[in-house]
Amino acid sequence: MLSLDVFRARAFRLALAFLLAVSAATAAAFGLIYLEVSRADVQRSAAVLVDEAAKSEDDSEDGLRRALELRLTRDIRRLDYVALFDAKGAKLFGDVPAMPAIPVDGQAHVVPEQLLPDASRSEPAIFVARRRGDGGVVVFGRSLREAYDLQETVLRALAIALAPTILLILAIGAFFASRASKRFERIHGAIVSIMNGEIHSRLPVANDWDDVDKVARAVNLMLDEIERLLDQLKNVGDNIAHDLRTPLMVARAKIDRALEEDAGIASLRAAMQGALAQIDKASVTIAAILRVSAVETGARQKRFKDFDLGAVCAEVVEFYQPLAESKFVEMTIEAAQPIPVRGDEDLMREAISNLVDNAVKFTPEGGRVRVEAAMVEGLPWVAVADTGCGVPSQDKEKIFRRFFRGERSGGNGLGLSIAQTIADLHGFQLTVEDNSPGARFVMRGSMKASLVPAQAAE
Amino acid sequence: MSISSLEDPKSLTARRAQPLEGDPVLVVEDEPDLAEEIRLELEANGHPVRLAATAAEGLAAARAGWAAVFVFDRMLQGDDGLSVIEILRGEGVATPVLVISALSSVDERIHGLKAGGDDYLVKPFDVRELTARVEALLRRRGDARATWLRAGDIEMDLVERKVRCAGRAVDLLPREFKLLEYFMRRPGQIVTRSMLLEDVWNFKFMAQTNVVDVQIGNLRRKLDSTGTRKFIVNVRAVGFKLNVEP
């Protein structure tokens, strides 16, 4: 199965395409040489023959005969065929059996089949026939065998050169294809095992940073994130179960006891009210969970608009002022300049109100809550500081997690988590610092936040 | 007293012999238990109710023109209640519609209102919240351009931003004025906490602490210090009402 895969692999197909290209280029090169070789050779021979024929036009018959015999015995200019015919076409002398079938015009002509002087076989040859002053015809010819042999040599060289190239490329292609397919096989195996529930497995990474490697690394990062979310989800699931089960169990116990006791309508009413309060508590938790999910579903960035974060802070402070007053907590706001932010104004109001809500809730009587909003280094910045009991340093990360309840918490542990989710959505960072005494929640825009409008504009 | 002597909800409604005189409500909801709860609560507030369980039934009942307000679930056994509302609006039916939905995102809310819904309530909700919103829809046609409001003993000058209660001037902070104005425009009508959060303070979510109650408490003390009567009364845990009865 693997061997079949090798031929189907991308690397192998690439090798085949490469092979085709190399073969075509090599064949073209050899083809050119082949044509050039024969053409040059034939042309040179033709020129010699024409020249010889022209020179012998006016020689006397005897002189010519001597010259030709000399040629035949000591062939300096490599004349293979020499013959002289009289005006009637009868051969006077020479080694050509009969007048070749060419026009008598002093020009070179190729004769594909010329019988050799010993009449053993035929060869291609080139001939020139020229009429002499006395009416006779002188014929010079030359065998083209060498030229044709050269052409064959070129063809053979092409075959010899091409065959190993083809084999080599095929081998290289098969090697890389099998390597790639083995790698994909391993990746596939890893994916299958992850799908089968081994969420801790990761795709093999080859450390050579090629395309496949980059994808594998990205997938591994994605898997890390998914695993983290799964863990979180599991914790949240446990916490939700706990948060919902407790009030429901209490409610159930109250109703159960009231039914058992049969203690009159007043006690029954009290039990029902108690149960109702517990059920309300459970629904508040459900509403808060749904809220986090609703914020997290994203896709809201397309609704982002420009608004003044300072004004939003002022509104939230105004809203919470009566609550602060009723607790004798002094609440102040400092938001001098407009703070232009692009985002979801309703969500930002919710995030800041959760922070202010927390601050007021955890600040004892006579304490202070201070809200500040400003542009710091060109980025929006909001701080909500209280003089409550503060956040222990070991909890500084945890308090933003869903359902985390620190020592100071009395709520359902979702307010900060909602604020965090909203901050994330806007590319803001939400952190907590010591206010000694108390805590200071700081939300600052990042460079990423300034990219948000660009995304929203898409 | 034993549990068997507690009346079941059906006999509770049966006990009310007088005919229901409120505005009739059509409820299109496919969860029978929830539909029944809604019906009981609306009937307890004097509204005759008709129930429909499918989009087709709801459309037919709405076209009959009986109801003064529609309550539509968005998801009706695979059908989208919004498409029914769109059909009705296309036919020129202007009856106010309250959309109820399990889809809580702001986008879904906007989608619901764009389709022709007048208000959007997210499941799970308190049936009393639903009733208050249905009544708010029925009474929505007030004159927004009024410059002077009166409800019972309270008078409000919207131009001068002055309030008089039982003849005496009441000094209100701007946020208290805004809150009282909301009640003055809805005299005798139940106003829920979430309605106040949404409409007065623009909070499209439930505030965690009972800030609304503190705000109402402040306003109430300012009004009550001029007399003995409670002008703003609590209504069954869901909200408040501006009392106009003497």
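Predicted model: local features only at pLDDT ≥ 70, side-chain atom pairs only at ≥ 80, totals over all residues.
Local features need pLDDT of at least 70, side-chain atom pairs count only at pLDDT 80 or more, and totals for chains, interfaces and linings use all residues. Residues are numbered from 1 along each chain as its sequence is written, while chains are lettered from A and ligands numbered from 1 in the order in which they are written.

**Strands of chain A**

Helices (H or I, at least four residues) and strands (E, at least two) are DSSP runs, numbered from the N terminus. Strand β1(A) spans residues 81–85. Four of its five residues are buried, so β1(A) is largely enclosed by the rest of the structure. Buried means that 20 or more other C-beta atoms lie within 10 Å of the residue's own, with C-beta atoms placed from the backbone; 12 or fewer means exposed, and in between is partly exposed.

Two strands pair if DSSP finds at least two bridges between them. On the β5(A) side, A:A83 stands opposite A:V139. On the β2(A) side, A:L84 has A:F93 as its bridge partner. The hairpin of β1(A) and β2(A) has five residues between the strands. There, A:G89 takes a positive phi near 100°.

**Strands of chain B**

B:I190 has B:K241 of β14(B) as its bridge partner. B:I232 stands opposite B:L242 in β14(B). β13(B) and β14(B) form a hairpin with three residues between them. In that turn, B:R236 has a positive phi of about 35°.

**Helix packing**

In chain A, α7(A) (residues 309–326) packs on α8(A) (residues 345–362) at about 40°, with the axes 9 Å apart. Axes are lines fitted to C-alpha atoms, for helices over the stretch in contact, and angles run from 0 to 180 degrees between N-to-C directions. That angle makes α7(A) oblique to α8(A). Under 35 degrees counts as roughly parallel, over 145 as roughly antiparallel, 65 to 115 as roughly perpendicular and the rest as oblique. The α7(A)–α8(A) crossing is right-handed. Right-handed means the near helix is turned clockwise from the far one by less than a right angle; anticlockwise is left-handed.

The contact includes A:V312, A:V316 and A:F319 of α7(A), and A:M348, A:I352 and A:V356 of α8(A). Contact means C-beta atoms, placed from the backbone, within 7 Å. By class, the residues divide into 13 nonpolar, one polar and four charged. Ala, Val, Leu, Ile, Met, Phe, Trp, Tyr, Cys and Pro count as nonpolar, Asp, Glu, Lys and Arg as charged, and the others, Gly among them, as polar.

In chain B, the axes of α2(B) (residues 32–44) and α6(B) (residues 127–138) come within 9 Å and cross at roughly 55°. These helices are therefore oblique to each other. α2(B) passes α6(B) in a right-handed crossing. B:E37, B:I38, B:E41 and B:L42 of α2(B) meet B:V127, B:R128, B:L130, B:T131 and B:V134 of α6(B). This contact has five nonpolar, one polar and three charged residues.

**A buried helix**

Helix α9(A) covers residues 415–425. 10 of its 11 residues are buried, so α9(A) is largely enclosed by the rest of the structure. Among them are A:G415, A:L416, A:Q420 and A:L425. A:G427 follows α9(A) and has a positive phi, near 70°.

Definitions and conventions
Contact = placed C-beta atoms within 7 Å.
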